[in-house]
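Biologist: I would like to learn how to read a model like this one. Can we go feature by feature?

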Amino acid sequence: MKNIIGSLAIALVVLAGCKVSKDVATPKDGLPENFRNAVTTGDTSSIADLQWKNFFTDAALQKLIDSAIVKNYDMQVAVKNIEAAQLQFKQVKWNYVPTVGLNVTASTNRPSDNSVTGLSISQYNLGTKHIEDYSANLALSWEADIWGKIRSQNREALAQYLQTNEAKRAVQTNIVSSVSQGYYNLLMLDEQLNIAKKNVKLNDSTLRIIKLQYDAGQVTLLGVQQAQAQLEAAAQLVPQFERDITVQENGLSILAGKLPDAIERNVTLNDITFPETLSTGIPSAMVSRRPDVRSSELALNIANARVGIAKAQLYPSLTITGQGGLNSFKSSNWFNIPASLFGTVAGGIAQPLLQHKQLRTQYEVAKVDREKSVIQFRQSVLNAVGEVSDALVRLQKLKEQQAIAANRVKTLQQATSNASMLFKNGLANYLEVITAQGNVLQGELELASIKMAQLSANAELYRSLGGGWK
């Protein structure tokens, strides 16, 4: 036995440091120095480094986001996934520990008198033709981690655990972005509802004047009908916006993990502002901050570990087994110590032969999967940089649109005021007034939409840079 143990110890010393596969490093190339459409100021800081409460400063919005982070069911599922992965990671650590089993058996056997066993019993004059056996023992088995299979399993479990953390962060960043954009959309609908109601009052005033002129014979019935139609066109927007507000409130409530209800808001669309220039930082910092990119990087770590496991399966496995306990052919002296004691120790090396082709195929498939992980990581980086660039150009062009739309609305408001004054003095006809009022309605609605799109673009830029999970 000493020779067996000594030989196995020498084998372990020689082979323990073996590493059967080489990891593929995370690609670091392909990143630009700056984002497209970014204003280069030399500042490497990023708005994504801010905690979300420091970026979204409206109190009602903060309350809504807080509720969503705690109560949102997608977030709760992500937390449970972390708990499950943590348990799996802890379990894998036990792969280094030998497996131990307790076996307690009692059996009786009545062999044939014409069998070798039956004839042997009769020779010993045991006084019975039954063979009884009573055993209580501990069985131990341990596989030496020669080729790093268990180490690779630990690496895989750790990367999977970290991946669930990144998945939770990704859920939170999406929640923060979705809630803020939904909230801004709600403020836009409030503004558009007010615009529609104001325009209804304006059209109603115009309609009364035209009716008076019709009674005086100054305009035809056509003028009254056209003014009435203009009033109804504005009036039908009111229930439409009221419906959209309720639907948006319901959506935000569900996102926050609550039953559909009204959403608190104490500000108007124009009260929400962001700095004129938002610092984006550099792409390399964004890559290390984005949860989805980090998850893709961890997927490559998992793929590396699986290649190591598959490669280790091709090599011989060294297993040491041991068994010891109490054994007797009579129950009366089963626990007679030391007479009933027994013990065995064995060591063996197993090399797969017939299934070697199958294991080789599994290894090659694992390498292909690893190559896919590299490609997917590169794609995630490409998508991330593209999302930031898209958000930046949206902000830039929406700012230009907002300036043009604001000037247009100002001009239309002045035109409407002038048309009304001229109409009351008989210097303009009703068609000019109706046209001016219709134009200002559409202009003000479009301006509110552009303002909301600007706020949403700010939120999207914050998310695409990797902000929102802190």
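Modeller: Start with how helices are assigned. Helices are DSSP runs of at least four residues, numbered from the N terminus. By that rule, Ser-253 sits in helix α8, residues 237-255. Keep in mind that this is a predicted model.

Biologist: Is Ser-253 buried or exposed?

Modeller: The cut-off for buried is under 20% relative accessible area. Ser-253 has 0% relative accessibility, so it counts as buried.

Biologist: Which residues is Ser-253 in contact with, leaving aside its neighbours within four places in sequence?

Modeller: Lys-258, Leu-259, Pro-260, Asp-261 and Ile-263.

Biologist: Now a whole helix. How many residues has α4, and how far does α4 reach?

Modeller: Helix α4 covers residues 73-92, which is 20 residues. From first C-alpha to last, α4 reaches 29 Å. That is close to the 28 Å expected at 1.5 Å a residue.

Biologist: Which residues of α4 are buried?

Modeller: First the general idea. An α-helix has 3.6 residues a turn, so residues three or four places apart point the same way. Here the buried residues of α4 are Met-75, Ala-78, Ile-82, Ala-85, Phe-89 and Val-92. Seen down the axis of α4, they fall within an arc of 90°, so they line one face of the helix.

Biologist: What do the buried residues of α4 pack against?

Modeller: They pack against α3 (59-71) and α6 (149-215). On the other side of α4, Tyr-73, Lys-80 and Leu-87 are exposed.

Biologist: Next, charge pairs. How many salt bridges does a search of the whole structure find?

Modeller: Side chains of opposite charge can pair when their charged atoms come close. A search of the whole structure finds 25 salt bridges. In one of them, the side chains of Arg-155 and Asp-23 meet at 2.7 Å, N to O. Arg-155 lies in helix α6 and Asp-23 in the loop between α1 (2-15) and α2 (52-55), so the pair ties together parts that are 132 residues apart in sequence. Arg-155 is partly exposed at 30% relative accessible area. Asp-23 is partly exposed too, at 32%.

Biologist: Where do Arg-289 and Asp-49 lie?

Modeller: Their side chains meet in a salt bridge at 3.1 Å, N to O. The pair links distant parts of the chain, 240 residues apart. Arg-289 is in helix α9 (residues 283-289), and Asp-49 is in the loop between α1 and α2. Arg-289 is buried, with a relative accessible area of 9%. Asp-49 is partly exposed at 39%.

Biologist: And Glu-166 with Arg-169: how many residues apart are they?

Modeller: Three, about one turn of the helix, and both lie in α6. Glu-166 is buried at 6% relative accessible area, whereas Arg-169 is partly exposed at 31%.

Biologist: Which residues are linked in a network of salt bridges?

Modeller: Arg-290, Asp-292, Glu-387, Glu-460 and Arg-463. Take Arg-463. It lies in helix α12, residues 430-464. At 15% relative accessibility, Arg-463 counts as buried. Not counting residues up to four places away in sequence, Arg-463 touches Thr-173, Asn-174, Ser-177, Arg-290 and Glu-387.

Biologist: Now the surface. Which residues form a nonpolar patch there?

Modeller: Val-100, Leu-102, Val-104, Leu-138 and Leu-140. Together they have about 490 Å² of accessible area. Strands β1 (99-109) and β2 (131-143) each supply at least two residues of the patch. The largest share, three residues, comes from β1.

Biologist: Last, the backbone. Which residues does a cis peptide bond join?

Modeller: Again, the background first. Most peptide bonds are trans. In this model, a cis peptide bond joins Ile-337 and Pro-338, with omega about 15°. Pro-338 is found in the loop between β3 (317-328) and β4 (341-350).

Biologist: What separates the C-alpha atoms of Gln-396 and Ala-457?

Modeller: A distance of 9.7 Å, with the two residues 61 apart along the chain. Gln-396 is in helix α11, residues 356-424. Gln-396 is partly exposed at 33% relative accessible area.

Note on methods:
Residues numbered from 1 in each chain as written. Predicted model: local features only at pLDDT ≥ 70, side-chain atom pairs only at ≥ 80, totals over all residues. Heavy atoms only, no water. Patch = residues over 30% accessible without salt bridge, like charges linked within 9 Å, V, L, I, M, F, W, Y side chains within 5 Å. Areas by Shrake-Rupley, 256 points an atom, 1.4 Å probe, with all protein chains shown as cover. Salt bridge = Lys/Arg side-chain N within 4 Å of Asp/Glu carboxyl O. Expected span 1.5 Å × (residues − 1). Buried < 20%, exposed > 50% of the residue type's maximum accessible area, 1.4 Å probe, protein only. Arc of directions from axis to C-beta. Contact = heavy atoms within 4.5 Å.
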